[in-house]
Amino acid sequence: MAARKTRLRKLSSAAAGLCVAATTLVIAAHQRRLELTRLQTRQLELAELAQRRRALAHQQRMHWELLAKAIDDPSLAAVIDTYDQSIPAAKRRQFLYANAWYTSVFHLYRSGILDQQELYGHLRELFRSPLMCEYWEASKHQRASMEGQSEEARIGRMVDGLLHDLDEADTEEWWVVGNPPTD
């Protein structure tokens, strides 16, 4: 009888050990599946980000090609020229070129090549040009129609603030003017 109880205890201990081992294996397999799912999700996110960046780069190339045609041919520029018609044609062509520069820097930011502080630095340098400032003023009606919370509208407000700071600055050290945003 005592031998039988000892055997039963040994069997129940072995069964309990097997149950613990099986449970541990099931938990480990579940954790591996979760980790694999997380990795697959991250891989899809990275692939989507890469596709978005390729699309942005393509869009930027298309934008430049279209603007280059408009700059070269005034009859094509008339299609997208929304500037005041009292502005001379040569100045409107310069505005189209200024738009290309601004858009290029904006796309560098949007595609993740520049962070907000780097964007601010590039814009601070770009808007040292009086012609860029004229372009910005002449195109304010275009920005007024943007969705207020859009990234482009937010960056536009940042440029407005930067231009105000540059106008108010009491220094020749333009590279320290303004407060670069923090991401």
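Biologist: What does tyrosine 97 count as, at 40% relative accessibility?

Modeller: This is a predicted model, in which local features need pLDDT of at least 70 and side-chain atom pairs count only at pLDDT 80 or more, while totals for chains, interfaces and linings use all residues. Residues are numbered from 1 along each chain as its sequence is written, and side-chain values use heavy atoms, with hydrogens and water left out. Buried means under 20% relative accessible area, exposed over 50%, and partly exposed in between (1.4 Å probe, protein chains only). Because its relative accessibility is 40%, tyrosine 97 counts as partly exposed.

Biologist: Which residues form a nonpolar patch on the surface?

Modeller: Patches are made of residues with over 30% relative accessible area and no salt bridge, joining like charges within 9 Å and nonpolar side chains (Val, Leu, Ile, Met, Phe, Trp, Tyr) within 5 Å. A salt bridge is a side-chain nitrogen of Lys or Arg within 4 Å of a carboxyl oxygen of Asp or Glu. Accessible areas come from the Shrake-Rupley method with a 1.4 Å probe, and for residues only the protein chains shown count as cover. With about 350 Å² of accessible area together, the members of the patch are Trp64, Tyr97 and Trp101.

Biologist: How far does helix H3 reach from its first C-alpha to its last?

Modeller: Helices (H or I, at least four residues) and strands (E, at least two) are DSSP runs, numbered from the N terminus. Helix H3 spans residues 89-110 and includes tyrosine 97. The expected span of a helix is 1.5 Å times one less than its number of residues.

Biologist: Is serine 111 buried or exposed?

Modeller: Serine 111 is found in the loop between H3 and helix H4 (116-126). Leaving aside neighbours within four places in sequence, serine 111 is in contact (heavy atoms within 4.5 Å) with Arg53 and Leu56. Its relative accessibility is 11%, so serine 111 counts as buried.

Biologist: Which residue forms a salt bridge with lysine 91?

Modeller: The whole structure holds six salt bridges. In the one formed by lysine 91 and glutamate 134, the closest N and O atoms are 3.1 Å apart. Lysine 91 lies in helix H3 and its partner in helix H5 (residues 130-138), so the pair ties together parts that are 43 residues apart in sequence.

Biologist: Which residues do salt bridges that share partners join into one network?

Modeller: Arginine 110 forms a salt bridge with glutamate 151, their closest N and O atoms being 3.5 Å apart. Arginine 110 lies in helix H3 and glutamate 151 in helix H7 (residues 151-168), so this pair ties together parts that are 41 residues apart in sequence. Glutamate 151 also meets arginine 154 in a salt bridge (3.9 Å, N to O), and these two lie three residues apart in helix H7, about one turn of the helix. Through shared partners, the network joins Arg110, Glu151 and Arg154.
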